[in-house]
Amino acid sequence: MPERVLFTPAALDEDWGQQILKRVQSLNLPIEELSQNRLKGLRGESERDTYNIAKRTLAVVTAPPSSFKLSPIPPSADWQFHLAEGCPAHCQYCYLAGSLSGPPVIRVFANLPQILENSANYEQQGKTTSFEVSCYTDPLGIEHLTGSLAECIRYFGTRSNAHLRWVSKFDAVDGLLDLPHNGNTRCRMSVNAAPISGKFEGGTASVASRLNALRRLALPQERGGGGYPVGLVIAPIMPIDDWQMHYSRLFEQINEALDFDCNLTFELISHRFTPGSKEVLQTWYPQSKLEMDEAKRSVKRNKFGGTKYVYEKDTMKALRSFFESEISRRFPNAEILYWT
């Protein structure tokens, strides 16, 4: 729950903004209606203070015109769009560090209907087009405040050639089980080995709770579930001490949770960081034990000249071989979408 909720005038002019306002009012949260469409008062005396203030603030705003020009997001999906930016969790390896400008306030978009309508312009004729909605937020972590994820699922349930994809580290899925998704939404949970999730994923649901939520989403509707296609994002994979043992235990947990036939995929993402993300993360979490030693990594450059640090070739090969072998052995009908 945020400590305060800000609404811009433009957000309150939107019907969806008014629906979010009613949700927030029903939770008796402190609400501030701003006099202008700029957010102020989010900075503290230090970067750490700014982080704490921003992370406790939900701002309901309108998505800027630039967000209506969608970007491709391989290998996760054909396109990405955003119902919000910023996340309520406190993961010490946060993927958003360095990706979003300004304090990490959670910005929720009140013009969601227009965002959804715009996505139809990117559907490709003759094939199914996939859309990722959790690049810049954890949509389930704020769903009780917004209802926006359910609205996205309803919308894509009406599309014949478009699929929605979302991923979460939270577990409050009750409101999603009875939605008319028509198999067009794949619900995924991000999970990791116990030493990693326990040490680095603050403010999230436990891995056991996430897997139970995924089970409920995947169960057929006649058994009280959501009947969704589901997936597991194992990320960020790290070669910690005894990593084979810890990840084997994770696979055993997954086996127990998904002990029935279901439409299942895996996405495997090794830990990486950029110089910019490292700098931001060290200001947000100065006491973190997260390993970000450039000397132990290989440099990977993208076509735009950006640099990221990944594990060395032999380590990556060992990790990939283990995960692909375990998944093919334990989940022969599941598809591994990618390793990166």
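Which residues in α8 meet which residues in α9? Val 207, Ala 208, Leu 211 and Arg 215 in α8 meet Leu 250, Gln 253, Ile 254, Glu 256 and Ala 257 in α9, where contact means heavy atoms within 4.5 Å. Before going on, please note that this is a predicted model, in which local features need pLDDT of at least 70, side-chain atom pairs count only at pLDDT 80 or more, and totals for chains, interfaces and linings use all residues. Residues are numbered from 1 along each chain as its sequence is written, and side-chain values use heavy atoms, with hydrogens and water left out.

**The helix pair**

Helices (H or I, at least four residues) and strands (E, at least two) are DSSP runs, numbered from the N terminus. Helix α8 spans residues 207-218 and helix α9 residues 243-257; they pack at an angle of about 30°, with their axes 9 Å apart. Axes are lines fitted to C-alpha atoms, for helices over the stretch in contact, and angles run from 0 to 180 degrees between N-to-C directions.

**The sheet**

Let us turn to an open sheet. Its 5 strands follow the order β2-β1-β3-β8-β6, with mixed pairing; two strands pair if DSSP finds at least two bridges between them. At the edges are β2 (31-33) and β6 (84-85), each pairing on one side only. β6 and β8 run antiparallel and are joined by 2 bridges, and Glu 85 stands opposite Arg 107 in β8. Helix α2 (residues 15-26) lies across β1, β2, β3 and β8, and runs at about 160° to β1.

**The pockets**

On a 1 Å grid over the protein atoms alone, a pocket is an open set of points where a 1.4 Å probe fits, with protein on both sides within 12 Å along at least five of seven lines; lining residues have an atom within 4 Å of a point. Grid points are joined across faces, edges and corners, and a volume is the space filled by probe spheres set on the points.

| Largest | about 1,600 Å³ | α10, 3 residues |

The largest pocket is lined by 48 residues, and the closest to its centre are Ile 73, Tyr 95, Ser 99, Cys 135 and Arg 272. For the second largest pocket, the lining has 31 residues, with Leu 100, Ser 101, Gly 102, Pro 103 and Arg 107 the closest to the centre.
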